[in-house]
Amino acid sequence: LAVAMYSHLHQREKALPLLEKALSLRPQDGQLIWETGYVMLHTHRAPSEVAEFLEKAGSTREDICIERCLALNLAGRHDEVLDIMARHSFTPCEGGEHAVAEQYMFAHHALGRHALSSGDPETALQHFLAAQVLPDHLGAGLWNEVLLVPHRYFEAVCLFALGKQVQAQSLLDWILLLKQDYFSDMHLPELPCYQAMAHLLRKETAPAQELIAAHLRSQDTAQSRVDPGWRKTTPFFISYMEEPSLLRRAICDWQRAMAYFAAGDLRSASAFASRALDNDPVNLYATLLI
């Protein structure tokens, strides 16, 4: 009934009370624990509250551990994520290739961004490098290399700050050689924004402006496209489906946020990132712009 309310009957607010009722009848049911945490996060419960709920559940299931790491990352508690993941071994699985990797990579990336904004490029650099190397015990890999782009771009920023221009330029070359295609759009649709920022680091203003303008125009078209699966897939084990129009709006607002971030308009970037989080509260990278 909770699934029906959330996914089909447009009464999402009724899903969580139903899950809580089910969980009261079977408090050790790992699937119900995970589903409750998932719905809590997607209905704007405070991430720290969700993390506490999942911790108290005491389950050793890997999906619950990952959901707890997501909640902690959303709450800005990135050191705790890395501590949890250092003590947990994960089983590689088909269909969840990036589920573990993304939490680990983002935790390091967020710590790197914070260090960089605090004027510590050396510490930031270590985090951006760590984000690119997945420890064996995570049982995870990268399905597509574009996932490295955010970390390598900010690695280049750190290298420039440390006077290592040659190494930084090679990273920018790598970013600019990547092609936008179906798979890059699946895993990093904001690739053109990072390529624009790479051009700007090289003082190449004209191609950067062209990429940003084109990316903003494409969002106007994309938001009106009628396609329930546009740029988003739901893993087969998740029964809670988002309203397609709201998810499209969230995706397009996030792409607008990144375009404005690339252009240096941080105020507009923050506003669109906040709008994106209104309809997709688990967008980790959007939390770094607000």
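**Entry 1: a salt-bridge network.** I looked up Asp 220, Asp 253, Arg 256 and Arg 275 and found them linked in a network of salt bridges (a salt bridge being a side-chain nitrogen of Lys or Arg within 4 Å of a carboxyl oxygen of Asp or Glu). The model is predicted, so I note that local features need pLDDT of at least 70 and side-chain atom pairs count only at pLDDT 80 or more, while totals for chains, interfaces and linings use all residues. Residues are numbered from 1 along each chain as its sequence is written, and side-chain values use heavy atoms, with hydrogens and water left out.

I took the pairs in turn. Asp 220 bridges to Arg 256, with 3.2 Å between the closest N and O atoms. This pair joins distant parts of the chain, Asp 220 lying in helix H13 and Arg 256 in helix H14, 36 residues apart. Helices are DSSP runs (H or I, at least four residues), numbered from the N terminus. Asp 220 is exposed at 52% relative accessible area, whereas Arg 256 counts as buried at 10% (buried means under 20%, exposed over 50%, partly exposed in between, with a 1.4 Å probe and protein chains only).

For Arg 275 and Asp 253 I recorded a salt bridge of 3.2 Å, N to O. Arg 275 sits in helix H15 (residues 266-279) and Asp 253 in helix H14, 22 residues apart. Arg 275 is partly exposed, at 40%; Asp 253 is buried, at 1%.

**Entry 2: a further bridge.** The structure holds 13 salt bridges. I also looked up the one between Glu 242 and Arg 12 (3.3 Å, N to O). Glu 242 is in the loop between helix H13 (205-223) and helix H14 (244-263), and Arg 12 is in the loop between helix H1 (2-7) and helix H2 (15-25), 230 residues away. Both residues are partly exposed, Glu 242 at 21% and Arg 12 at 27%.

**Entry 3: helix H6.** I listed the buried residues of H6 (residues 78-86) as His 78, Val 81, Leu 82, Ile 84 and Met 85. Viewed down the helix axis they fall within an arc of 160°, so they line one face; the arc is that of the directions from the axis to the C-beta atoms. The face turned away carries the exposed residues Asp 79 and Ala 86. The buried residues pack against helix H5 (62-74) and helix H7 (99-117), contact meaning heavy atoms within 4.5 Å.

Definitions and conventions. Helices (H or I, at least four residues) and strands (E, at least two) are DSSP runs, numbered from the N terminus.
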